[in-house]
Amino acid sequence: MRSLLVGFWMAFLCIAAVAQSTPPEAAETENYFAGRRVLGTVNFEKGSHQLTEEGRRAISALVPQLRSLDEPRRLVRIEGFSTSSGNAGDRVTLAMIRAKAVGEAIRQRLPKFSPTLTGHAVAIGTGGSLVPDRVEIVLYDNLLDIDTVDIQEAITR
Amino acid sequence: MTAAPQRPAGAVAEPDAPVDETPIRTFVYRKFRLPEFSFDFDQYSLSDEGKKAVSEIIADLRREGRWFLLRIDGHTDNVGSAQYNTRLSVRRAIAMGSYIATHEGLDPTRIFVKGHGDTQPLADNQTAEGRSTNRRVEILVLLPKAANP
């Protein structure tokens with residue numbers, strides 16, 4: 001009887017561990033962005049949102065590819081990353097400002113380019129071989145097309 | 001803070017790859033256009049009222065229990081150059097997006113920030129009241145199409 005109880009308890013712990021390792025929300029996010037494709041990466045100096053010469057060259061190299069992306073089903077999001085010191089809010093803002101800087105540099109070359117952006121505060125040492133202070137120019141298919149859809153409920157006051 | 005989905009290091013996608021022809025996967029569930037989300041002239045700091053309002057919105061969305069994306073659109077009045085206003089509108093949208101990510105704990109992967117400059121006015125830019133109305137951010141809540149109630 002005791003061994004049976006121990007067995008049940010071990011099984012419960014295993015199930016709980018699996019459930020904790022993949023929260024449903026995170027799993028859905030991963031699934032939803034499974035088609036994420038990185039077109040290019042622009043690296044930044046730690047703590048800075050100023051484009052380097054290398055960064056400008058990387059952006060220039062991407063322009064021909066971005067110019068060809070005229071299908072409405074494709075969405076470009078510029079995604080900033082920051083590991084710099086400061087609180088999480090500062091890091092997220094810096095990451096988004098980096099993305100903004102890259103977006104503006106692309107717009108100087110492609111005036112009609114109209115990307116979305118976001119920013120991530122990341123822990124130092126994560127991300128494998130990727131430079132942690134960076135911006136990725138990312139392509140998604142069929143994710144959202146707000147300009148052509150009805151809005152179910154507009155909330156104003 | 002969670003990180004974006006990772007990819008193999010050095011992998012760069014080919015943009016010329018065939019476009020996935022499956023239908024657009026989200027729809028706009030709600031659009032929030034509130035006076036609390038307006039800005040003073042040439043400013044991009046969220047007001048305390050705006051912070052409170054967006055916290056209530058996120059709390060409501062969480063109570064509903066649906067998985068959602070947010071698009072945050074920044075706008076300006078028509079004072080200043082188009083380039084300046086585009087940049088200012090992005091800063092306004094960033095202020096909101098960063099607040100939601102850091103204070104409300106929403107994964108930034110689910111946030112899409114966009115600046116529209118002065119291209120989408122709601123009111124007459126000839127009046128002070130109209131310009132004030134146009135200096136704003138809007139929050140669009142997107143749901144997966146399968147979740148369309």
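**Entry 1: B:Arg87 and its partner**

I started with B:Arg87, which counts as partly exposed because its relative accessibility is 31%. This is a predicted model, so I read every value here as computed. Which residue does B:Arg87 pair with in a salt bridge? I found A:Glu104, with the closest N and O atoms 3.3 Å apart. A:Glu104 sits in helix H4 (residues 88-109) of chain A and B:Arg87 in helix H2 (residues 82-103) of chain B, so this pair joins two chains.

Next I went to B:Lys114, which I located in strand S3 (residues 111-115) of chain B. Is B:Lys114 buried or exposed? I noted 10% relative accessibility, so B:Lys114 counts as buried. The side chain of B:Lys114 makes a polar contact of 2.6 Å with the side chain of A:Ser114. I listed what else B:Lys114 touches, leaving aside neighbours within four places in sequence. From chain A I wrote down A:Ser114, A:Pro115 and A:Thr116. From chain B the list holds B:Arg71, B:Ile72, B:Asp73, B:Gly74 and B:Ala93.

**Entry 2: a salt bridge inside chain B**

I moved on to B:Arg33 and B:Glu138, whose side chains meet in a salt bridge at 2.7 Å, N to O. Where do the two residues lie? B:Arg33 is in strand S1 (residues 26-33) and B:Glu138 in strand S4 (residues 136-144) of chain B, so the pair ties together parts that are 105 residues apart in sequence. B:Arg33, at 28% relative accessibility, counts as partly exposed, whereas B:Glu138, at 1%, counts as buried.

In chain A I looked up A:Glu79, which forms a salt bridge with A:Arg36. The closest N and O atoms of this pair are 2.6 Å apart. A:Glu79 belongs to strand S2 (residues 74-82), while A:Arg36 is in the loop between helix H2 (24-32) and strand S1 (37-43), so the bridge ties together parts of chain A that are 43 residues apart in sequence. I marked both A:Glu79 and A:Arg36 as buried.

For the whole model, over all chains, I wrote down a count of 15 salt bridges.

**Entry 3: A:Val92**

I came back to helix H4 of chain A for A:Val92. Its relative accessibility is 0%, so A:Val92 counts as buried. I also checked A:Val92 against A:Gly80: the two are twelve residues apart in sequence, and their C-alpha atoms are 8.3 Å apart in space.

**Entry 4: chain A as a whole**

Chain A has 157 residues, and 44% of them count as buried. I put its accessible surface at about 8,400 Å², with 58% belonging to carbon and sulfur atoms. For contacts in chain A with a separation of 6 or more, residues 24 or more positions apart account for 79%.

**Entry 5: chain B as a whole**

Chain B has three helices and four strands, and I read its pattern along the sequence as β-α-β-α-β-α-β. How many of its 149 residues count as buried, as a percentage? I noted 52%. Chain B exposes about 6,600 Å², and carbon and sulfur atoms supply 49% of that area. Of the contacts in chain B between residues at least 6 apart in sequence, 77% join residues at least 24 apart.

**Entry 6: confidence**

Last, I looked at the scores. The model has an ipTM of 0.85 and a pTM of 0.83. Chain B averages a pLDDT of 87, and 81% of its residues score at least 70. Where in chain B is the pLDDT below 50? I marked residues 1-12, a stretch that has 33 contacts in the model beyond near neighbours in sequence.

Definitions and conventions: Residues numbered from 1 in each chain as written. Chains lettered and ligands numbered in written order. Predicted model: local features only at pLDDT ≥ 70, side-chain atom pairs only at ≥ 80, totals over all residues. Heavy atoms only, no water. Buried < 20%, exposed > 50% of the residue type's maximum accessible area, 1.4 Å probe, protein only. Contact = heavy atoms within 4.5 Å. Areas by Shrake-Rupley, 256 points an atom, 1.4 Å probe, with all protein chains shown as cover. pLDDT = per-residue confidence, 0-100. Salt bridge = Lys/Arg side-chain N within 4 Å of Asp/Glu carboxyl O. Polar contact = N/O pair within 3.5 Å; in protein donor to acceptor, adjacent residues only side chain to side chain.
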